[in-house]
Amino acid sequence: MAPRPQRGLLQALLWGLSFFFSLPGPVWLQPSLPPQSSPPPEPHPCHTCRALVDSFNKGLERTIRDNFGGGNTAWEEEKLSKYKDSETRLVEVLEGVCSKSDFECHRLLELSEELVESWWFHKQQEAPDLFQWLCSDSLKLCCPSGTFGPSCLPCPGGTERPCGGYGQCEGEGTRGGSGHCDCQAGYGGEACGQCGLGYFEAERNASHLVCSACFGSCARCSGPEESNCLQCKKGWALHHLKCVDIDECGTERANCGADQFCVNTEGSYECRDCAKACLGCMGAGPGRCKKCSPGYQQVGSKCLDVDECETEVCPGENEQCENTEGGYRCVCAEGYQQMEGICVKEQIPGTLRALIYLAPETTQCSRYYSHPHFTYVGTKMQRGEAGLCGKQVAELAFGSRKSGSGAGLIHSRQASSRR
């Protein structure tokens, strides 16, 4: 028989496993979090109550013939009559009223469950409309259609046609809201009974209003034509019943920056950036400059780039000048690369090059550079060896790692200020 594990060891093993599985997994095993977004607004309690009642009524339809449908009709009718208003049926309906994820529905049902039971057993005959009895009369969450607010006041335009039928009364049907009319496009006024800005009355009678759009630049008009304007939109001026574009750039109404110029547009204007060659400008391109930017010069009517490389501007050894737009830069000549602030010859494959820096007060090299494919070279150099003392920089070439032999000193020069 196999030996039984010691009790203490087994307990320790189980504890260790439970601790391990309680830890969060590695980052790559953890589910990625969805991007943060603002939560959707909570529904108004009246809307939640209406949804609950609608779901309750669907449950009644679903259960009205449950467990019946064949056999002795007289017996079924008798049983159905008893089941119709039974507690069993109420429980079956309430179990499916709210979806599992609808927190607001579950919370409202919990608060109103006794009211629903009271209506089910005692109030159905005198108050057949559960929504009116529960949501409006009992819980006071809702108002009748066409009314709003704590006192269920009529919406502007009346309860029959709130906002004249051309808008939405804020808070209609609930115990909240301001009752303000949010009018459809083209309509305005307190009860949406007028035409809005940019529209005119195309047709009106006691119960009907049709608003049509004015010509594009008109704020108020008597008809759809360009010559029917009575008032212009911003950026336009009325002239003989027509709206004419205002040139803000020509009338100095524009407000552009020092390095921008103004471009007139229909009803407005735009500020656009001057060319890089300009310090202030009157239009687009290097030919409309007020002054030339540094690195540019006036040539005829244009500000053109100065070629700084025509003069000797890169004093470093093995450097050459490269002209740029409005300036220049110093780069290493072909076959050279920048290393520690100076241009040195590019490495030859199979060899090792090192830069040896020697401070005047020490006998050891203070910095070095080595190729990653070769072994460590070392930094100690004695004074007088190959002229490496003082402010000099030496370029040494060593043989490949295979041969292990050194090629000796091949070049040395004064480091001067580039050290």
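Me: Is the crossing of H5 and H6 right-handed or left-handed?

Reply: The crossing of H5 and H6 is right-handed, meaning the near helix is turned clockwise from the far one by less than a right angle. This is a predicted model, where local features need pLDDT of at least 70, side-chain atom pairs count only at pLDDT 80 or more, and totals for chains, interfaces and linings use all residues. Residues are numbered from 1 along each chain as its sequence is written, and side-chain values use heavy atoms, leaving out hydrogens and water.

Me: How do the axes of H5 and H6 cross?

Reply: Two packed helices are described by the angle between their axes and the distance between the axes. Here the axes of H5 and H6 come within 11 Å and cross at roughly 135 degrees.

Me: Which residues in H5 and H6 meet?

Reply: Contact means heavy atoms within 4.5 Å. On the H5 side, Ser 112, Leu 115, Val 116, Trp 119 and Lys 123 meet Leu 130, Trp 133, Leu 134 and Ser 138 of H6.

Me: Where does H5 bend?

Reply: A bend is the angle between axes fitted to the seven residues ending at a residue and the seven starting there. H5, residues 103–123, bends by about 60 degrees at Ser 112. Ser 112 is also one of the buried residues of H5 (buried is under 20% relative accessible area, with a 1.4 Å probe and protein chains only).

Me: What does Leu 134 touch?

Reply: Leaving aside residues up to four places away in sequence, Leu 134 touches Cys 49, Val 53, Ser 112, Leu 115, Val 116, Leu 139 and Lys 140.

Notes: Helix = DSSP H or I, 4+ residues; strand = E, 2+ residues; numbered from the N terminus. Buried < 20%, exposed > 50% of the residue type's maximum accessible area, 1.4 Å probe, protein only. Axes fitted to C-alpha atoms, helices over the stretch in contact; angles between N-to-C directions.
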